[in-house]
Amino acid sequence: MKVDTKQKKFGMAIDLDKCTGCGSCMVACMSENNVPFKKDETNKLDSITWIKVYKVTNDKKYPDTDLCYIPRPCMHCDGQHGHAPCVSVCPAVATDNDKSTGVVSQIYTRCFGCRYCMAACPYHARYFNWWDPVWPEGMEKYLSPNVSPRMRGVVEKCSFCFHRYQLAMDKAYVEGRRELREDEYQTSCTQACPAGAITFGDLNNPKHTVHKMVQPDNKHHGKPKNPKAFRLLERLGTNAKVYYLSDRKWVRKLGDNQTPNEESSKKH
Amino acid sequence: MSTIDDKATEVPEDAAGESAETVPPEQEKEEVAEKKEINKGLVIFVFIAAFVASLIVGWILFPMVLYTQENQPIDFNHALHLEEVENSCESCHFFREDGSYAGVPKLAQCVDCHDEVMGDDPDELAFVENYVQKNIEVPWLIYSQQSDCVFFSHAAHVKAAKMDCVSCHGDIGESTSLKVYEKNIITGISRDIWGKNIGGIKLHSWDRMKMNDCAKCHKEETGNQGACFQCHK
């Protein structure tokens with residue numbers, strides 16, 4: 001049996017100049033992925049948001065004041081040697097970096113809740129289930145059967161809606177194909193964004209928009225060749241698969257957590 | 001020459017030396033030896049008896065307690081129906097256009113023929129009276145049902161890899177009646193997943209469908225066990 005081994009590297013580019021901070025991506029994500037919620041979500045230490053929109057400002061007084069919203073899914077890091085920070089600390093192989101798709105998986109039934117991965121993740125992209133999910137009356141019937149629900153005591157995070165890839169592949173197999181078209185596998189947040197700020201696709205495929213937008217340099221751990229593109233905390237070497245784009249210099253500098261006096265050239 | 005050997009003999013010698021201090025006179029020593037012999041025999045006997053007992057408990061009684069037996073709501077005769085339908089298995093088990101697998105058939109696929117009782121089979125009577133006429137779906141028990149966290153793709157195996165149903169499901173497709181469904185009382189999962197043979201011996205490729213069974217075939221067929229997210233969701 002010969003199986004196509006062409007490696008894919010699914011990734012995302014988020015145009016921060018388009019993002020309005022409306023939060024549609026967060027809503028779409030929660031309903032797509034059976035993310036549990038509580039009546040009172042004010043305590044952000046125990047609420048779960050696979051993608052979360054952060055608000056940052058340039059700290060300047062009027063009229064120079066400016067702000068920016070940064071949606072943050074899981075970055076699906078490749079690391080320097082093919083390991084995300086969370087993957088290398090997991091004692092149970094509950095999280096793994098799939099080399100054939102570039103998606104960092106989380107197997108809830110394997111996880112025993114030590115939360116090392118949460119400590120290791122520099123993006124706070126991982127969340128712990130302190131309780132079993134409690135759905136409002138009747139809502140269990142509306143849960144998606146394509147994403148397994150989580151239980152108390154395990155960590156969960158964004159999966160790049162990988163179930164959509166599985167289902168799209170099923171359709172492809174039935175139609176006698178082995179390759180997906182770009183639009184066949186898109187994450188829920190990508191499709192929900194009313195501003196079209198999120199672009200999703202295969203970073204290894206030069207025909208995909210996301211590749212054209214960021215022009216990742218695979219020889220240098222995927223650093224973007226597009227000068228307007230950047231990754232969060234690039235200097236940590238997480239080699240993330242989520243890129244951001246902005247025309248605004250302060251946003252790009254902030255993305256790498258640079259101190260005001262630090263030269264942006266330093267990071268190269 | 002060998003320090004290891006020396007050490008090995010050293011230890012018992014030491015032990016013997018220590019006990020030598022408390023050794024009783026010659027005669028008593030023999031008695032003790034005899035007693036020891038009896039004790040030894042007893043110990044071995046008890047050991048074997050307990051061993052056999054635990055084997056019986058572990059291999060026969062425990063599985064009996066661990067699994068409850070449930071009958072399907074009605075019996076179904078595959079062999080009989082295969083002669084009636086036009087499209088073999090696909091008449092009832094087909095792929096939807098979106099690539100998903102319809103799996104166990106819904107009532108809609110039966111009513112064309114079964115809107116009325118055709119013969120005098122009690123199962124057909126029960127089927128028509130209790131389900132067709134009341135328009136209730138039959139709550140079939142699914143032998144091969146995996147747990148929630150597993151993603152399985154019939155399209156990949158049946159369409160892409162051109163595998164036949166028998167290699168994973170056995171002869172259900174040609175059977176004349178449905179077998180008893182056995183459910184694990186702890187996990188609620190069908191016994192077909194973990195297999196009948198508690199010793200782990202697999203005579204047929206469909207005897208068991210645990211993670212390792214999937215992975216073993218993937219390794220053989222595709223050269224790669226697959227990533228976690230291939231089979232999990």
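**Figure 1. The loop between β2 (52-57) and β3 (67-72) of chain A in the predicted model.** This loop holds A:Pro63. The peptide bond between A:Tyr62 and A:Pro63 is cis, with omega about 10°. A:Asp59 is found in the loop between β2 and β3 of chain A as well. Although A:Asp59 is a residue other than glycine, its phi is positive, near 65°. A:Asp59 is exposed, and its relative accessible area is 72%.

**Figure 2. A:Asn34, in the loop between α1 (24-32) and β2 of chain A.** A:Asn34 is not a glycine, yet its phi is positive, about 55°. With a relative accessible area of 3%, A:Asn34 counts as buried, because the cut-off for buried is under 20%.

**Figure 3. The interface of chain B and chain A.** The contact involves 22 residues of chain B and 25 residues of chain A. Between them the two chains bury about 2,000 Å², and carbon and sulfur atoms account for 67% of that area. On the side of chain B that touches chain A, at least two residues come from each of α6 (154-160), α9 (211-222) and α10 (228-231). Of the elements of chain B, α6(B) gives the most to this side, with four residues. Sorted by class, the side of chain B that touches chain A has 11 nonpolar, five polar and six charged residues.

**Figure 4. Domain 1 (13-67) and domain 2 (141-230) of chain B.** Six residues from domain 1 of chain B and nine residues from domain 2 of chain B take part in the contact. The two domains bury about 690 Å² between them, 72% of it on carbon and sulfur atoms. Of the area that domain 1 of chain B buries against domain 2 of chain B, 79% comes from B:Trp59, B:Leu66 and B:Tyr67, more than from any other three residues.

**Figure 5. Polar pairs and residue classes between domain 1 and domain 2 of chain B.** Zero salt bridges are counted between the two domains. One residue pair is in polar contact across their interface, both residues at pLDDT 80 or more. Helix α2 (residues 26-66) of chain B gives the most to the side of domain 1 that touches domain 2, with five residues. That side of domain 1 has five nonpolar residues, one polar residue and no charged residues.

Conventions
Residues numbered from 1 in each chain as written. Chains lettered and ligands numbered in written order. Predicted model: local features only at pLDDT ≥ 70, side-chain atom pairs only at ≥ 80, totals over all residues. Heavy atoms only, no water. Contact = heavy atoms within 4.5 Å. Buried area = accessible area lost by both parts, 1.4 Å probe. Nonpolar A, V, L, I, M, F, W, Y, C, P; charged D, E, K, R; others polar. Domains from an automatic or database assignment. Salt bridge = Lys/Arg side-chain N within 4 Å of Asp/Glu carboxyl O. Polar contact = N/O pair within 3.5 Å; in protein donor to acceptor, adjacent residues only side chain to side chain. Buried < 20%, exposed > 50% of the residue type's maximum accessible area, 1.4 Å probe, protein only.
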